[in-house]
Amino acid sequence: MIGKLFLVGLGPGDPGMQTPQATAALSVATDLVGYGPYVDRVPPRPGLVRHVSDNREEISRARHALELAASGRRVTVVSSGDTGVFAMASAVFEAIEHGDTAWRGIDVEVIPGISAMFAVAARVGAPLGHDFCALSLSDNLKPWEVVTRRLRAVADAGFVIALYNPISRARPWQLGAAFALLRDILPPATPVVFATAVSRSDEAVTVVSLADADPARADMRTLVLIGSAATRRIERASAPPWLYTPRSVDAA
Ligand code: SAH
């Protein structure tokens, strides 16, 4: 084995949601590679070289990290949440598959992290207690027809849906179109959670019904969680409702 490459997820924001394994990898790294805001979350230390790149440069960032590791450095590539969920781990393996065969000799270690969907679910109860799926609404890396086909299929099949990347400046209308499509399939009272910057100082979490879901509530730091027809809502007098999805389901 030559060099070392850790693929690390830093969790949703709160340092308490970064796993001890992630912290250990960061403490032995010689090089830190990632998108600027994620690299900024790692405190500087002597001997740690920082390599910051822009968003959407995943493959060149992955190749750079692999080159560093192949030269004998101990490299940590950071993502938010979990590195395997809409993040850098796939980009690194894609670069390995298509790159220099020597990269297959690099000691790659994937360190799991707390993905945004788990932090969001924990804030509102247990909405992921039964079958669910995670879907990125971004059509940067897949055609919009694929997004809508998948949304229809999973809503129809009764999955709870964790929607990542719901909106951005370049993708302003897609979330509204997704809600319109889902309103044809799911009951109007289906709970929808808008959870922004969860576990950070400006966290905002709101539970509404699908009928009232307004895409303007979401920004790039929002995860939109859409219940299934089975998801239950427990009203409380002085707090937002709890949501949970029962563990069992009757025969259709
Ligand atoms: N690897 C990350 C996901 C990266 S994609 C993970 O496992 O969580 C970026 C998307 O993740 C954002 O558009 C948003 O939908 C979601 N996200 C990341 N951090 C979040 C947070 N603290 N609160 C709410 N959503 C978050």
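**View 1. Overall dimensions of the predicted protein chain.** For 252 residues, a compact globule would have a radius of gyration near 18 Å, and the 20 Å of the protein chain agrees with this (taken over C-alpha atoms; the globule rule is 2.2 Å times the number of residues to the power 0.38). The C-alpha trace spans about 55 × 40 × 35 Å along its principal axes. Seven helices and 13 strands make up the secondary structure (DSSP runs, H or I of at least four residues and E of at least two, numbered from the N terminus). In this predicted model, local features need pLDDT of at least 70 and side-chain atom pairs count only at pLDDT 80 or more, while totals for chains, interfaces and linings use all residues. Residues are numbered from 1 along each chain as its sequence is written, and side-chain values use heavy atoms, with hydrogens and water left out.

**View 2. Helix H3, residues 58-70.** Gly72 follows H3 and has a positive phi, near 105 degrees.

**View 3. The buried residues of H3.** Arg61, Ala62, Ala65, Leu66, Leu68 and Ala69 are buried (under 20% relative accessible area, 1.4 Å probe, protein chains only). They cover an arc of only 160 degrees around the axis, which puts them on the same side of H3 (directions from the helix axis to the C-beta atoms). Their cover includes strands E1 (2-9), E2 (31-35) and E3 (49-53), as well as helix H4 (88-98).

Key. Expected span 1.5 Å × (residues − 1). Buried < 20%, exposed > 50% of the residue type's maximum accessible area, 1.4 Å probe, protein only. Contact = heavy atoms within 4.5 Å.
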